[in-house]
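Work through the exercises below with the model open beside you. Try each task before reading its solution.

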Amino acid sequence: MAISSESEPGTIRSNLSGTLERVTQNVTRGVTSGALTGLAAGAGLLVGSQVALRAGVWVQPRPMPHQQAAWLEHPLRLRYRKPGDLLGKVGLFAGMSVADLGCGSGLFTQEMAQRVGETGTVHAVDLQAQMIAHAQQRVSAAGVSKQVRFHQSGIHTLPLPDGSIDVALMVAVLGELPARVLALDEVRRVLKPGARLAISEELPDPAYAPAPLVRRWAEEAGFRFGGLTGTPFCYTMLLFAET
Ligand SMILES: C[S@@+](CC[C@H](N)C(=O)[O-])C[C@H]1O[C@@H](n2cnc3c(N)ncnc32)[C@H](O)[C@@H]1O
């Protein structure tokens, strides 16, 4: 019986390998486009949720929930948040009376207390008792609680006398306040004439406020712009209380 050339073993092998190659290509194409679709959907969800979260905080500013306090000291945050670097630029010295407004877990309070020393005072203010408890633990573990006074209070009505503070700090706080200009006006009240306010903002914070807006609010509240350091991702603005 004649065997057609198509049935030759070599031809069968090459047909088979061609088919296999096409199947592999189709599967690869399918997997790749599936993965790309998945990635695009994931990125879309992430961007969408961030936009929704930030718009929500913008429309209705609110304090960061104290249950998220651990994030304030997360190693990822500490990569760009270095209290020593920031306070070095602001200029804190022994014997000063300073304020950490919206102190959270006390990351900056501790460093401020170390810089002003036992002859100085740090007023650490926060709306949430649980945040103050974290900060108290932190400063006492660092052995600097003697020079820290804690106040559970809103920034809009500070329990501090007029013209009593040399330097005030607001890190990742301003965007959480419902009435920014009023709050800044209150901060100016407690500052000594010509004293400094440092406002620092970071992009991962859902309540992030961009520098041009912060400068406008501060100038409206009677502060004089004193300079900007860092990048839009994480910046610090120095302001002077006008007399
Ligand atoms: C994102 S955390 C930043 C904490 C700290 N400054 C830091 O950078 O690690 C903001 C803090 O501001 C506090 N806060 C928000 N609104 C406040 C207000 N009106 N008065 C006082 N504290 C407030 C919150 O309770 C929270 O502890």
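How many helices and strands does the secondary structure of the protein come to? It comes to 7 helices and 7 strands. Both are DSSP runs numbered from the N terminus: helices are H or I with at least four residues, strands are E with at least two.

Residues are numbered from 1 along each chain as its sequence is written. The model is predicted: local features need pLDDT of at least 70, side-chain atom pairs count only at pLDDT 80 or more, and totals for chains, interfaces and linings use all residues.

**Exercise 1. Contrast two strand pairs.**

Step 1. Take β1 (residues 97-101) and β2 (residues 121-126). They pair in the parallel sense over 5 bridges. Ala 99 has His 123 in β2 as its bridge partner.

Step 2. Take β6 and β7 (residues 234-241). These run antiparallel and are joined by 8 bridges. Phe 223 stands opposite Ala 241 in β7. The hairpin between β6 and β7 passes through 2 residues.

**Exercise 2. Classify the crossing of α3 and α4.**

Step 1. Get the geometry. The axes of α3 (residues 83-90) and α4 come within 10 Å and cross at roughly 55°. Axes are lines fitted to C-alpha atoms, for helices over the stretch in contact, and angles run from 0 to 180 degrees between N-to-C directions.

Step 2. Apply the classes. Under 35 degrees is roughly parallel, over 145 roughly antiparallel, 65 to 115 roughly perpendicular, and the rest oblique. α3 and α4 are therefore oblique to each other.

Step 3. α3 passes α4 in a right-handed crossing. That term applies if the near helix is turned clockwise from the far one by less than a right angle.

**Exercise 3. Describe the shell around the ligand.**

Step 1. Collect the residues. A residue is near if its C-beta atom, placed from the backbone, lies within 6 Å. There are 21 residues around the ligand, and Pro 63, Gly 102, Gly 104, Leu 127 and Val 171 come nearest.

Step 2. Assign elements. α4 (107-116) and β2 give two or more residues each to the shell.

Step 3. Sort by type. The shell holds 14 nonpolar, 4 polar and 3 charged residues. Ala, Val, Leu, Ile, Met, Phe, Trp, Tyr, Cys and Pro count as nonpolar, Asp, Glu, Lys and Arg as charged, and the others, Gly among them, as polar.

**Exercise 4. Is Ala 172 buried or exposed?**

Step 1. Locate Ala 172. It is found in the loop between β4 (165-171) and α6 (180-190).

Step 2. Ala 172 has a positive phi of about 55°, although it is not a glycine.

Step 3. Count neighbours. Buried means 20 or more other C-beta atoms within 10 Å of a residue's own, exposed 12 or fewer, partly exposed in between, with C-beta atoms placed from the backbone. Ala 172 has 24 C-beta neighbours inside 10 Å, so it counts as buried.

Technical notes: Pairing = 2+ DSSP bridges.
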